[in-house]
Amino acid sequence: MTEIVSHLANNLPRRRFDAVIVGAGGSGMRCSLQLAQAGYSVAVLSKVFPTRSHTVAAQGGIGAALGNMSEDSWYWHMFDTVKGSDYLGDQDAIEFMCREAPKVVYELEHFGMPFDRNPDGTIYQRPFGGHTANFGEKPVQRACAAADRTGHALLHTLYQRNVQARTQFFVEWMALDLIRDGQGAVVGVVALEMETGEVMLLQSKVTVLATGGAGRIWQASTNAFINTGDGMGMAARAGIPLEDMEFWQFHPTGVAGAGVLITEGVRGEGGILLNKHGERFMERYAPTLKDLAPRDFVSRSMDQEIKEGRGCGEHGDHVLLKLDHLGAETILKRLPSIREIAIKFANVDPIKDPIPVVPTIHYQMGGIPTNYHGEVVVPKAGNPNTVVPGLYAIGECACVSVHGANRLGTNSLLDLLVFGRAAGNHIVSSKLNADEFRDLPPDAGDASLARLAHLEGSSSGENIQDVANDVRKTMQSHCGVFRTEELLKEGVKEIAELDQRAKHIHLKDKSKVFNTARVEALELDNLMETAKATMVSAEARKESRGAHAHRDYPNRDDTHWMRHSLWYSEGNRLDYKPVVLKPISVDTFVPKARTF
């Protein structure tokens, strides 16, 4: 790695790396590890210390057909993932992920990750929603867990390995924009040091976006405050479309009133959902899988119970998650963090009392379109999957698409590991060290500097958090668990008005403004791109599929809507591309009605 004095017109400082990775969560650090171990100079940018990335909040486990508890198969895992996706997932990518799953878990084990163990020393696995044996016949234990702190253990394991491999971390740095040259290749990023406000150009042979999701566009969310859609915003401003942004997963069990996640692992260990009559209502909706049906199915069932007057509490606005029957020993051994969360955020001890829960926004299935090597692909004339040179995207900010219209629990951590590793391997196989650095364009960084200058130059206008809070209110009220034509049309109009308001942000009393306010204003740009993509894509899809439940179009329509949406920021317009129904080496799973 060499530091170079810039000769660009704006005279921004510049540093060169073989690879720049934006985001230090599970996917970013899995990719950086692969590259650093291969001898490349790697810079990883993170808004927070790496082990504070949002992957740390993942609780339940990593899905992999190890077969440690009973017979299992990657092919059954593939079937569950395709069915769970409501047949919108690309079957080649899903096959790749499920085949690779055992390999990445055993790699982690050899890295030293402290998985829970069975008496014979093998990795403990728990049941999870939608995971079955023999193509839906019965539930299977497939989630490889480290108690209910799997993401925490994963991040610490990967961070230690990266330190050993001499990965260079830029902690509390925010990437602002991608830099593209005259041929459309990505040649680096513009980045901001959050503490000092210094702007720098990070030039690279390859750039990897691993920025996580954008769940903070909703009022009630399990997501961290850092999840502001930075990767999607950067991609959209660079002319890259966002895929399937109408599909957002509502996790069935967020703590009512707080939004903090209660892992599906609670139901995997035997927890059950009850309505105000003490009835285990999921038996009516999903007779086979019951409380372990896929998340979109459980969330809609809970929402229906509440809307039909069977909700719990003074306002009848939640249901109860009962786990006291599991016994104190199991709760303290398998679910210790859940007990802490319940006590702190719900004021109940689950050893004695049930936890009040409600569906809460959790995960985006859509994102930056990629192939299963992690390369960003966009439609061009004659080729729907034209690779953007020098750009990869992995993790929640990417859309491979292995999750389709609804993600199975445990497939998020699996996605991070499989595609973080795959992107790293693909970059290494491309013989990056033989490549020359592409020249930076003369205007590199100018657009980012103009955005910052606009913030500094405004003497009046909108307060950042007022606009951000109004975005969250609009998304919550117009794009929730159940959607209607009227709500979505109104939502598109309101988001468009908020987009105009966001262009007139005012930093009050600049002499007293910390850089955090500037960062929040820059994050709002990314939140707006994500909110527009979500609302416009949702309004256009006239069917119900997976997490997109449309009351005016209650059925899935494979004839007209078996396709991925592509939203472009320029013109706020939509295009579409077909779903990949042909796997790599096995027969296609033909779309069928989903029953559980």
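Modeller: Quick ground rules: the model is predicted, local features need pLDDT of at least 70, side-chain atom pairs count only at pLDDT 80 or more, and totals for chains, interfaces and linings use all residues. Residues are numbered from 1 along each chain as its sequence is written, and side-chain values use heavy atoms, with hydrogens and water left out.

Biologist: Why is Gly 136 called partly exposed?

Modeller: Its relative accessibility is 26%. Buried means under 20% relative accessible area, exposed over 50%, and partly exposed is in between (1.4 Å probe, protein chains only), so 26% puts Gly 136 in the partly exposed class.

Biologist: What is Gly 136 in contact with, leaving aside its neighbours within four places in sequence?

Modeller: Phe 79 and Thr 288; contact means heavy atoms within 4.5 Å. Gly 136 itself lies in the loop between β5 (125-133) and β6 (138-144). Strands (E, at least two residues) are DSSP runs, numbered from the N terminus.

Biologist: What makes β9 largely enclosed by the rest of the structure?

Modeller: Eight of the eight residues in β9 (residues 186-193) are buried, so the strand counts as largely enclosed.

Biologist: How do you know that β9 pairs with β10?

Modeller: Two strands pair if DSSP finds at least two bridges between them. β9 and β10 (residues 199-209) have five, in the antiparallel sense, so they pass. Val 189 stands opposite Leu 202 in β10.

Biologist: How many bridges join β8 to β9?

Modeller: Seven, with β8 (residues 173-180) running antiparallel to β9. Here Leu 178 stands opposite Val 189. The two strands form a hairpin with five residues between them, and Gly 184 in the turn has a positive phi of about 90°.

Methods: Helices (H or I, at least four residues) and strands (E, at least two) are DSSP runs, numbered from the N terminus.
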